[in-house]
Amino acid sequence: MKLTVNGKGLHGSIPAIASKSMAHRLLICAALSHDPSQIRCETLSDDINATAGCLRALGCELTYTGGTFYASPAKPPERAIIDCGESGSTFRFLLPVIAALGVSCRIDMHGRLPSRPLSPLYGELCRHGATLSAEGTNPLLASGKLRGGTYNLRADVSSQFISGLLFALPLCEEDSKIVLTGRRESASYVEMTLSALRAYGIKITATADGYAISGKQILGTRHDIPRICKEQDVEYIFFAISNISADNKRAILEICQETDCKVRILPGTKDLIEDRPIMQNFRNVQIEDLLGRDPIQLDKKNIGKLIENKVVLV
């Protein structure tokens with residue numbers, strides 16, 4: 001059969017496909033963050049769905065509506081079962097995170113994923129506190145608690161190993177270093193990971209031979225505030241989040257008030273007093289902060305006329 005197409009100039013529009021690589025990274029950062037996040041991702045894939053499903057199993061409240069992920073971090077469970085599908089990014093990014101969180105986990109894999117190489121990341125995790133079943137087993141069993149320290153990796157094996165450690169090591173108690181040897185492969189993907197971490201306030205310093213990562217950068221989620229305040233002998237809580245919904249603001253402040261700490265709040269930008277040191281702008285929590293809405297202004301004059309000389313039961 002012969003088919004002749006007599007076309008004219010091509011025209012029209014197609015939607016841009018969401019970056020699968022960036023979606024993985026932002027979803028993981030959102031799940032480990034202190035505060036709720038919204039991530040616009042208009043196109044999904046099996047790999048993105050695998051990462052989202054794993055993060056839900058690890059405690060994150062994650063929904064997807066109208067092309068947007070809504071993520072609310074929560075305390076991770078002691079035990080979990082996650083399914084990475086055939087996604088190497090999901091598996092290699094989350095394995096170090098699972099170890100850093102101290103979650104005892106069964107990790108299911110499909111397709112060729114169980115046979116894909118995991119060394120030298122496997123050995124470095126085991127040397128720093130993680131307990132893993134034999135490399136190549138499916139499911140892979142993970143337990144133990146990852147410690148900070150010096151992690152040595154060949155830079156020419158997989159950038160995903162580096163990214164996985166960059167996600168995990170800020171969770172550790174101790175400071176860490178990643179020492180890389182050899183020519184760096186896929187450096188742009190590592191930079192993508194660093195960009196996502198910077199967007200969530202994580203500080204990582206590039207060194208001549210790798211990266212330096214301070215520990216305790218993420219102490220927990222909002223639900224851990226009472227525990228952290230008790231463990232760290234916190235006296236004051238300063239609430240300085242400006243871009244937050246009224247419901248989330250109220251929820252966090254209510255958790256703060258469960259502690260014995262003095263809670264101070266930074267007003268919105270329009271209410272800041274110029275030429276005053278930032279610490280002097282903090283004020284006590286007011287009822288309006290807990291209402292989640294502006295206070296209703298009553299018409300006291302007309303109300304007075306309505307109830308004057310009457311008995312009112314409230």
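Which residue of E11 does Val179 stand opposite? Val179 stands opposite Gly210 in E11. The pairing around these residues is described below, after the overall layout.

## Basis of the model

This is a predicted model, in which local features need pLDDT of at least 70 and side-chain atom pairs count only at pLDDT 80 or more, while totals for chains, interfaces and linings use all residues. Residues are numbered from 1 along each chain as its sequence is written, and side-chain values use heavy atoms, with hydrogens and water left out.

## Overall layout

The protein has ten helices and 14 strands. Helices (H or I, at least four residues) and strands (E, at least two) are DSSP runs, numbered from the N terminus. The radius of gyration is 25 Å, well over the 20 Å that the globule rule gives for 314 residues, so the protein is more spread out than a compact globule. That radius is taken over C-alpha atoms, and the globule rule is 2.2 Å times the number of residues to the power 0.38. Along the principal axes, the C-alpha atoms fill a box of roughly 90 × 70 × 45 Å.

## The sheet with E4 to E7

Four strands make an open sheet in the order E4-E5-E7-E6, with mixed pairing; two strands pair if DSSP finds at least two bridges between them. Its edge strands are E4 (79–83) and E6 (130–132), each of which pairs on one side only. From one strand to the next, the twist averages 20 degrees. Axes are lines fitted to C-alpha atoms, for helices over the stretch in contact, and angles run from 0 to 180 degrees between N-to-C directions.

E4 and strand E5 (residues 104–108) run parallel and are joined by five bridges. Arg79 has Ser104 as its bridge partner in E5. Helix H3 (residues 88–101) lies across E4, E5, E6 and strand E7 (140–144), at about 30 degrees to E7. Contact here means heavy atoms within 4.5 Å.

## The sheet with E8 to E11

A further open sheet of four strands has the order E8-E9-E11-E10, again with mixed pairing. Strand E8 (150–154) and E10 stand at the edges with a single partner strand each, so one side of each is left without a neighbour in the sheet. Neighbouring strands are turned by 20 degrees against each other on average, direction ignored.

Strand E9 (residues 176–181) pairs with strand E11 (residues 210–213) in the antiparallel sense over four bridges. Besides the Val179 and Gly210 pair, Lys177 stands opposite Ala212 in E11. Strand E10 (residues 204–207) also pairs with E11 in the antiparallel sense, over four bridges, and here Thr205 stands opposite Ala212. A hairpin joins E10 to E11 through two residues.

## Loops and backbone details

Ser119 and Pro120 are joined by a cis peptide bond with omega of about 10 degrees. Pro120 is found in the loop between E5 and helix H4 (121–127). Another cis peptide bond joins Asn138 and Pro139, with omega of about 5 degrees; Pro139 is in the loop between E6 and E7.

Lys216 is not a glycine, yet has a positive phi of about 55 degrees. Lys216 is placed in the loop between E11 and H7.

## The largest pocket

The largest pocket has a volume of about 710 Å³. On a 1 Å grid over the protein atoms alone, a pocket is an open set of points where a 1.4 Å probe fits, with protein on both sides within 12 Å along at least five of seven lines; lining residues have an atom within 4 Å of a point. Grid points are joined across faces, edges and corners, and a volume is the space filled by probe spheres set on the points.

Of the 31 lining residues, Leu101, Lys145, Leu219, Gly220 and Arg227 are the closest to the pocket centre. Helix H1 (20–32), H3 and helix H7 (225–231) each supply at least two residues of the lining. The lining divides into 17 nonpolar, four polar and ten charged residues. Ala, Val, Leu, Ile, Met, Phe, Trp, Tyr, Cys and Pro count as nonpolar, Asp, Glu, Lys and Arg as charged, and the others, Gly among them, as polar.
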